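Colleague: I am new to reading models like this one. Could we go through a few features together?

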Amino acid sequence: MDPSAFAIQLFSGLSRAMVLFLLSAGLSLIFGVMNILNFAHATLWLVGGYVTYSIFEFLGGQFGASPWLLLPAILGATAAMAAAGFALERYLIRRTYGRDLPEQLLLTFALVLIIGDLIKLVWGVENRRISLGIEPIEMLDTFINPYHFVIIATGVAVAFGLWFFLHRTRFGKIVRAAVYSRNMVSALGIPIPMIYSGVFALGVGLAAFAGGVFLPLLPMSLGVDHDIIVQCFAVVVIGGFGSMLGTFVAAIIVGVVYSFSILFWPDGALAMVFLIVILVLIWRPWGLFGTELRY
Amino acid sequence: MSADNSNWWSRLYGKHGLSGPAALLLLVFFVLVPLLPGKFWTIVSTEILILGLFAMSFNLLYGYMGQISFGHAAFFGLGAYATAMVFTRFKTVGGEIATFDFFLSLLAGPPTAALGALIVGFFCVRLTGIYFAMLSLAFGELLFYIVFSWYSFTKGDDGIQGLLPPPFFQDPVNYYYLTLAIVIAALLAMWRITESPFGYIMRTLRDNQRRAAFLGVNVRLHMLVNFVIAGAFAGLAGALWGPFSRSVSPGLLGWQESGIAVFMTLIGGAGSFMGPLLGSVIYTLLQAVVTMFTTYWPLTIGTIILLIVLFAPGGVLGLIEKRVKRRRGEAADADADDEAGIPAEKR
């Protein structure tokens with residue numbers, strides 16, 4: 001493979017990996033803390049993208065179009081979706097704690113259908129994308145959209161931020177403790193319901209953020225969430241439930257494997273991803289970086 | 001059956017779900033469906049039966065064995081594709097198929113699906129709970145993408161068209177009765193299996209795998225056998241699907257299709273034998289009616305599922321069971337035997 005084709009696949013694979021990471025990190029946290037496998041996570045990501053689009057268009061109408069308006073649009077969408085996530089946990093998800101796994105899956109899957117159709121009601125069926133009008137830059141004898149670097153840098157920065165949050169802040173430490181033993185955390189007088197709402201809001205916020213950041217590269221369209229969510233499951237399973245490092249590494253594996261497989265097996269690139277999932281689940285069901293504890 | 005005769009409808013519900021009279025009523029209803037004016041209801045009822053069989057095969061894993069599979073549609077799809085491919089091979093240039101060859105092609109579905117289930121199940125039964133769900137999902141998606149991308153063998157995302165059954169079965173009423181006969185035979189076989197010692201071992205595995213192992217049950221082997229049985233019945237449903245809809249497509253193997261079986265089972269009630277079929281009646285009828293008025297079918301079914309999860313966790317039959325038991329003065333959860341779908345051992 002010549003270096004230019006290699007570079008193109010590598011960078012698109014890495015930026016894909018970053019989006020998968022941002023989504024899977026929230027998915028993994030929510031599962032780790034609340035034992036809820038949130039099928040609707042990618043759907044909320046999609047909503048985040050659409051909301052970013054709408055804010056971007058609105059601001060463009062008010063102040064004149066500018067690529068920089070994407071920043072406030074992403075932040076606005078992230079905040080709005082985090083608030084929505086908070087409310088969702090408080091009024092809906094909370095009712096299923098202590099129920100069986102299938103019922104929880106069913107609830108979040110019902111949300112996939114409902115929210116998916118609400119998107120269709122609000123934004124219609126056309127794809128939505130933002131064009132920032134960035135010129136591709138020339139490197140390695142080929143042209144690469146520099147926005148890939150923005151996404152990769154953002155993803156790495158958020159990964160570090162998450163690590164810092166989980167390991168160096170009080171709330172983060174409480175969250176990690178809750179992954180291991182909810183009862184103990186609760187016994188120490190920490191309001192668990194608040195932690196749950198907070199973690200869900202954080203996860204949904206991250207998803208919405210990913211939706212906004214990815215908008216200039218990939219148009220938001222109905223039904224993409226169905227493909228993305230199973231890839232996120234793949235990432236979480238490969239990395240190990242509850243492990244941030246694992247999620248990060250697995251996201252890179254899935255993103256890069258996908259973008260290179262697409263060269264020689266265009267329709268079956270995702271088959272390669274699921275083959276890896278199968279091998280990991282057979283070899284180490286708790287994932288590459290997960291602990292055997294939860295298995 | 002309980003000797004209680006306090007009201008007529010509590011008699012329709014026996015110890016193992018629908019009682020004999022109820023099953024008979026249901027049978028009479030299904031036999032009489034083609035008398036309704038127009039072909040529409042006959043076609044909808046055929047769909048109800050095929051998807052109902054698919055959902056019931058899923059419930060062998062979920063309701064009886066306590067494991068949730070998100071890749072069960074893979075076997076539905078494998079059965080459908082096996083039948084479709086044999087069908088296409090037998091078909092003359094004019095697109096006709098002899099009745100004997102048609103039945104032969106239907107027979108290709110279940111064994112192919114069972115073989116697939118044997119391979120997938122071999123790995124899946126080593127896991128439980130969320131890991132079982134994830135591995136079955138991954139296998140299902142793998143098979144989906146193989147069928148989707150292997151254009152020379154499966155025609156890829158074009159699917160296989162022109163599965164026109166022999167002239168006699170082109171009449172929806174005749175195809176409906178064929179489906180009804182096959183589905184009833186399959187239900188009787190499944191009923192036999194779930195009420196056999198093997199079926200009770202399944203319930204034990206659902207409630208407490210470790211205890212079953214202590215009692216000397218070969219846990220993995222029993223789970224694998226059940227997985228293969230469930231796969232074969234899903235394949236039978238798939239085999240009926242192709243000639244019914246005149247085509248097959250890779251979507252039949254996808255996880256959204258698996259989701260339909262999960263929906264139907266949970267809507268009807270995983271805790272009873274007939275629950276998934278009732279779920280299929282409700283789901284498919286609703287879909288047929290709702291899509292006449294609006295394209296927002298996902299919104300409708302999503303809201304219904306949401307309400308069921310929040311207010312009727314046992315599905316519709318679960319609700320009926322609760323009311324019947326209250327009438328009879330039993331505690332709602334006294335009959336632990338039939339409270340299916342709840343793995344006692346949470347991991």
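Modeller: Start with burial. A residue is buried if 20 or more other C-beta atoms, placed from the backbone, lie within 10 Å of its own. In H8(A), 19 of the 23 residues are buried, so this helix is largely enclosed by the rest of the structure. Helices here are DSSP runs (H or I, at least four residues), numbered from the N terminus. This is a predicted model: local features need pLDDT of at least 70, side-chain atom pairs count only at 80 or more, and totals for chains, interfaces and linings use all residues. Residues are numbered from 1 along each chain as its sequence is written, with chains lettered from A and ligands numbered from 1 in the order in which they are written.

Colleague: What span does H8(A) reach from its first C-alpha to its last?

Modeller: The expected span is 1.5 Å times one less than the number of residues. H8(A), residues 192-214, reaches 33 Å, close to the 33 Å expected.

Colleague: Where does H2(B) bend?

Modeller: A bend is the angle between axes fitted to the seven residues ending at a residue and the seven starting there. H2(B) bends by about 35° at Phe58(B). Just after this helix, Gly66(B) takes a positive phi of about 80°.

Colleague: What is the mean pLDDT of chain A?

Modeller: pLDDT is the predictor's confidence in each residue, from 0 to 100. For chain A the mean is 87, and 98% of its residues reach 70 or more.

Methods:
Helices (H or I, at least four residues) and strands (E, at least two) are DSSP runs, numbered from the N terminus. A residue is buried if 20 or more other C-beta atoms lie within 10 Å of its own, exposed if 12 or fewer, and partly exposed in between; C-beta atoms are placed from the backbone.
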